[in-house]
Amino acid sequence: MMKKFFSVFVALVLALLPVVSMAETAEYLTYTHPDGQYSFMYPSNWIVLSEENIEYILTVAAKQGDAQLAQMAETYGPTIRQSGMVILLSETGMTNVNVAFTNVGMRASDEVLLTLAPAMMSQLSTVAENIQFIEEGTIIDLGDKNGMMLEYVYELSGIQMHGIQVYVSGAADMYTFTYTCVDADELEATAEDFGFMLGSLTAK
């Protein structure tokens, strides 16, 4: 499974550049941070949970009797409110992508990004059970931005999870995209969606 997931991510990286052509044949929307700090495209059938809409999502879920959506909003709500993180959920809810950014005051070079890998791996190892790293710090080309990728599998309550973290350096901010998929059947499709999110990122 680890080798299969790696081949999926290779396809994901190759898919990063033709974002515009893909958008012409698929339904994509654009998320823009309230202060215009960054934006990216995402599939229109994904749900966006953000500080701006979390209360609205909870209200809609209650009115519609959508227990699954309400549970997701309640689960992720505290993290979103405290950190300003944006969380995107696939249509099935089996894949999520978290997006956060931190001001670091400079653009990080590839070398600086690679120095982050051991600390990030150590941090992941403290919160993920039986984690195995497939990629331990790989530089990926995001056009006018540079990024560093970690790829891994781990267990959660006996279920194998697939994860990717990508750290993208802007002019003065660090953007962290975290992809998590619990369903092997949707792994390839949602990994490709994640690639388009990364490839469409515009940041200050």
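Mentor: Buried means under 20% relative accessible area, exposed over 50%, and partly exposed in between, with a 1.4 Å probe and protein chains only. Before we go on, this is a predicted model: local features need pLDDT of at least 70, side-chain atom pairs count only at pLDDT 80 or more, and totals for chains, interfaces and linings use all residues. Residues are numbered from 1 along each chain as its sequence is written, and side-chain values use heavy atoms, with hydrogens and water left out.

Trainee: OK, and where is Ala70 found?
Mentor: In helix α4. Helices (H or I, at least four residues) and strands (E, at least two) are DSSP runs, numbered from the N terminus.

Trainee: What is Ala70 in contact with, leaving aside its neighbours within four places in sequence?
Mentor: Leu58 and Ala61. Contact here means heavy atoms within 4.5 Å. Ala70 and Thr59 are also 8.4 Å apart in space, C-alpha to C-alpha, and 11 residues apart in sequence.

Trainee: Let's look at α3 then. Which residues of helix α3 are buried?
Mentor: In α3, residues 54–64, the buried ones are Ile54, Ile57, Leu58, Val60 and Ala61. They sit on the same side of α3 because they cover an arc of only 165° around the axis. That arc is taken from the directions from the helix axis to the C-beta atoms.

Trainee: What do those buried residues pack against?
Mentor: β3 (47–49) and α4 (67–83).

Trainee: And which residues are exposed on the other side of α3?
Mentor: Tyr56, Ala62 and Lys63. After α3 comes Gly65, with a positive phi near 70°.

Trainee: Which residues other than glycine have a positive phi?
Mentor: Asn130 is one of them, with phi near 55°. Asn130 is in strand β6, residues 129–142, and is partly exposed at 49% relative accessibility. Ser157 also has a positive phi, near 55°. Ser157 is in the loop between β7 (145–156) and β8 (159–169), and at 69% relative accessibility counts as exposed.

Trainee: Switching topic: is Asp193 buried or exposed?
Mentor: Asp193 counts as buried, because its relative accessibility is 15%. Its place is in helix α6, residues 187–199.

Trainee: What does the side chain of Asp193 make a polar contact with?
Mentor: The side chain of Tyr28, at 3.5 Å. A polar contact is a pair of N or O atoms within 3.5 Å; within protein, one must be able to donate a hydrogen and the other to accept it, and residues adjacent in sequence count only if both atoms are side-chain atoms. Not counting residues up to four places away in sequence, Asp193 touches Tyr28, Pro43 and Trp46.

Trainee: Now the whole chain. How many helices and strands are there?
Mentor: The chain has 6 helices and 10 strands. Of its 204 residues, 48% are buried. Among contacts with a separation of 6 or more, 57% come from residues 24 or more positions apart.

Trainee: What does the accessible surface come to?
Mentor: About 10000 Å², with 54% belonging to carbon and sulfur atoms. Accessible areas come from the Shrake-Rupley method with a 1.4 Å probe; for residues, only the protein chains shown count as cover.

Trainee: Great, that covers my list. Thanks!
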